Amino acid sequence: HHPGLMSPAHPTILVADDYPENCRLFSIYLRNDYEVVTALSAEEAFERLKQGDVAAALLDINYQGGMTGHDLIRVLRADADLCDLPTLALTAHASPEDRRRCLEGGFDAYLSKPVMKAQMLEALAALLAEAEVSRRAT
């Protein structure tokens with residue numbers, strides 16, 4: 001990657017899901033357009049996000065024990081460095097109630113599993129575009 005060339009750097013996207021095969025699948029979905037980093041727990045996701053340079057996070061809601069995605073989003077929104085991070089909830093629960101909980105809880109968007117590649121790319125592109133607009137507005 002040469003800094004002199006005009007190709008925009010691929011934004012880094014964090015995918016947090018406690019199933020390694022989901023992390024792998026979503027990485028394959030995203031790898032043409034993004035650098036992908038993965039985490040297998042909400043705690044690991046938070047540690048990685050604290051290192052900075054992540055453009056958006058796709059966070060599963062349910063993990064085997066430990067923090068949930070809802071816990072994680074509360075922590076992120078309370079963190080001065082991460083409160084504006086674009087986040088997308090990934091959940092197998094697709095009821096209107098779940099959706100409302102995700103959005104009220106602080107997620108910017110929501111995808112129910114199984115997620116199709118086109119759906120994920122579209123949601124992510126919209127999320128990043130929105131973040132770009134609000135960054136320019138401030």
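Strand β1 and strand β3 (residues 56-60) run parallel, joined by four bridges. This is a predicted model. Two partners can be named in that pairing. Val15 has Leu58 of β3 as its bridge partner. Ile13 has Ala56 of β3.

β1 also pairs with strand β2 (residues 35-39). Here five bridges join the two strands, and they too run parallel. Thr12 stands opposite Glu35 in β2.

**The whole sheet**

Strands of a sheet pair through backbone hydrogen bonds, and the pairing may be parallel or antiparallel. Which kind of pairing does the open sheet of five strands have? The pairing is parallel, and the strand order is β2-β1-β3-β4-β5. At the edges lie β2 and β5 (109-112), each pairing on one side only. From one strand to the next, the twist averages 20°.

**Helices on the sheet**

| Helix | Strands touched | Direction relative to a strand |
|---|---|---|
| α1 | β1, β2, β3 and β4 (87-91) | about 170° with β2 |
| α4 (residues 96-105) | β4 and β5 | about 145° with β5 |

Helix α1 (residues 20-30) also belongs to a β-α-β unit. The unit consists of β1, α1 and β2, and it is right-handed.

**How β1 is enclosed**

Are the residues of β1 buried or exposed? Five of the five residues in this strand (residues 12-16) are buried, so β1 is largely enclosed by the rest of the structure. Both faces are covered. Thr12, Leu14 and Ala16 are buried on one side. Ile13 and Val15 are buried on the other.

**A helix pair**

Helix α2 (residues 42-50) packs with helix α3 (residues 69-78). Their axes are 9 Å apart, and the angle is about 20°. Angles under 35 degrees count as roughly parallel, so α2 is roughly parallel to α3. The crossing of α2 past α3 is right-handed.

Which residues make the contact? From α2 come Ala42, Ala45, Phe46 and Leu49. From α3 come Leu72, Val75 and Leu76.

Note on methods:
Residues are numbered from 1 along each chain as its sequence is written. This is a predicted model: local features need pLDDT of at least 70, side-chain atom pairs count only at pLDDT 80 or more; totals for chains, interfaces and linings use all residues. Side-chain values use heavy atoms; hydrogens and water are left out. Buried means under 20% relative accessible area, exposed over 50%, partly exposed in between (1.4 Å probe, protein chains only). Two strands pair if DSSP finds at least two bridges between them. A crossover is right-handed if, with the strands pointing away from the viewer, the path from the first strand over the helix to the second runs clockwise. Axes are lines fitted to C-alpha atoms, for helices over the stretch in contact, and angles run from 0 to 180 degrees between N-to-C directions. Angles under 35 degrees count as roughly parallel, over 145 as roughly antiparallel, 65 to 115 as roughly perpendicular and the rest as oblique. A crossing is left-handed if the near helix is turned anticlockwise from the far one by less than a right angle, and right-handed if clockwise. Contact means heavy atoms within 4.5 Å.
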